[in-house]
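Colleague: Before we discuss this model, could you put it on the screen and then take me through its pockets and its nonpolar cores?

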Amino acid sequence: MTRLIYYTATTLDGFIADPDDSLDWLMRQDQDEKGPLNYEDFIKDIGAIVMGATTYEWVRRHEPDQWFYSMPAWVMTHRDLAAPAIEGVKADVRFASGDVQEVYDLMVAAADGKDLWVVGGGDLVGQFADAGLLDEVITYIAPVTLGAGRPILPRRYDLELIEATQNKAFIAARYRFVGPLKEDGAAAG
Ligand SMILES: NC(=O)c1ccc[n+]([C@@H]2O[C@H](COP(=O)([O-])OP(=O)(O)OC[C@H]3O[C@@H](n4cnc5c(N)ncnc54)[C@H](OP(=O)(O)O)[C@@H]3O)[C@@H](O)[C@H]2O)c1
């Protein structure tokens with residue numbers, strides 16, 4: 001069954017990018033690319049991806065001559081953004097806006113039984129989570145704090161830790177998404 005997975009890297013204090021969208025703190029970390037929860041193994045099972053406009057623009061800015069994703073990709077935006085037009089590179093990029101349920105249904109159909117990757121950012125993941133569509137969070141936790149930046153998941157949820165291990169500089173952890181945070185008041189009642 002198709003699962004929606006948020007696979008990302010975060011600082012110890014919960015940011016996936018700094019306030020200027022820099023990932024320099026992440027790029028300089030040591031990791032074993034064949035080690036636990038590595039990207040290469042993860043991406044093999046992914047049949048469609050979705051990302052927010054800021055993430056898409058970051059990817060285009062940093063890799064203007066590349067598009068690394070062979071599967072259909074959706075970009076959530078209110079704006080008229082251009083799809084990658086790179087000679088010799090096939091990029092299946094579709095733009096969408098509004099209700100993530102509609103995008104999810106299209107992604108499931110495109111993925112043909114494989115899993116779905118929500119690349120980020122955090123609020124977009126929250127939109128899928130609020131709609132009951134998020135299944136798992138896999139994160140590499142870097143030994144860095146930033147104090148401010150783009151949050152990993154800026155809403156109140158419960159998750160269950162399934163796996164936690166070290167990959168060089170990182171804690172690599174996998175969580176099952178449970179649902180809205182069980183608040184103290186609700187637990188007492
Ligand atoms: N550490 C990591 O592994 C990792 C992973 C992913 C991303 N990142 C970084 O984290 C940062 C994330 O940026 P971000 O927090 O701004 O999030 P984002 O999700 O990348 O972009 C947010 C934007 O997406 C658009 N959007 C989101 N939901 C939408 C909807 N339902 N309908 C239409 N448009 C929608 C809006 O753009 P418009 O209204 O402007 O069109 C919104 O401002 C980026 O710098 C990215 O590079 C890091």
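Modeller: A pocket, on a 1 Å grid over the protein atoms alone, is an open set of points where a 1.4 Å probe fits, with protein on both sides within 12 Å along at least five of seven lines, and lining residues have an atom within 4 Å of a point. Grid points are joined across faces, edges and corners, and a volume is the space filled by probe spheres set on the points. This is a predicted model, in which local features need pLDDT of at least 70 and side-chain atom pairs count only at pLDDT 80 or more, while totals for chains, interfaces and linings use all residues. Residues are numbered from 1 along each chain as its sequence is written, and side-chain values use heavy atoms, with hydrogens and water left out.

Colleague: How much space lies in the largest pocket?

Modeller: The volume of the largest pocket comes to about 1600 Å³. It is lined by 48 residues, and those closest to its centre are L23, W58, Y69, W117 and V119. With Ala, Val, Leu, Ile, Met, Phe, Trp, Tyr, Cys and Pro counted as nonpolar, Asp, Glu, Lys and Arg as charged, and the others, Gly among them, as polar, the lining divides into six charged, 17 polar and 25 nonpolar.

Colleague: Which residues touch the most other members in the largest nonpolar core?

Modeller: A nonpolar core is a set of buried Ala, Val, Leu, Ile, Met, Phe, Trp, Tyr and Cys residues joined through side-chain atoms within 4.5 Å, where buried means under 20% relative accessible area (1.4 Å probe, protein chains only). In the core of 33 residues, the members in question are I49, M51, W67 and W117.

Colleague: Which residues is I49 in contact with, leaving aside its neighbours within four places in sequence?

Modeller: Contact means heavy atoms within 4.5 Å. On that basis, the partners of I49 are Y69, M71, P72, A73, W74, M107, W117 and V119.

Colleague: What is the volume of the second largest pocket?

Modeller: The second largest pocket has 15 lining residues, with V137, T139, I152, L159 and Y175 nearest its centre. By class, this lining has nine nonpolar, four polar and two charged residues, and the volume is about 210 Å³.

Technical notes
Buried < 20%, exposed > 50% of the residue type's maximum accessible area, 1.4 Å probe, protein only.
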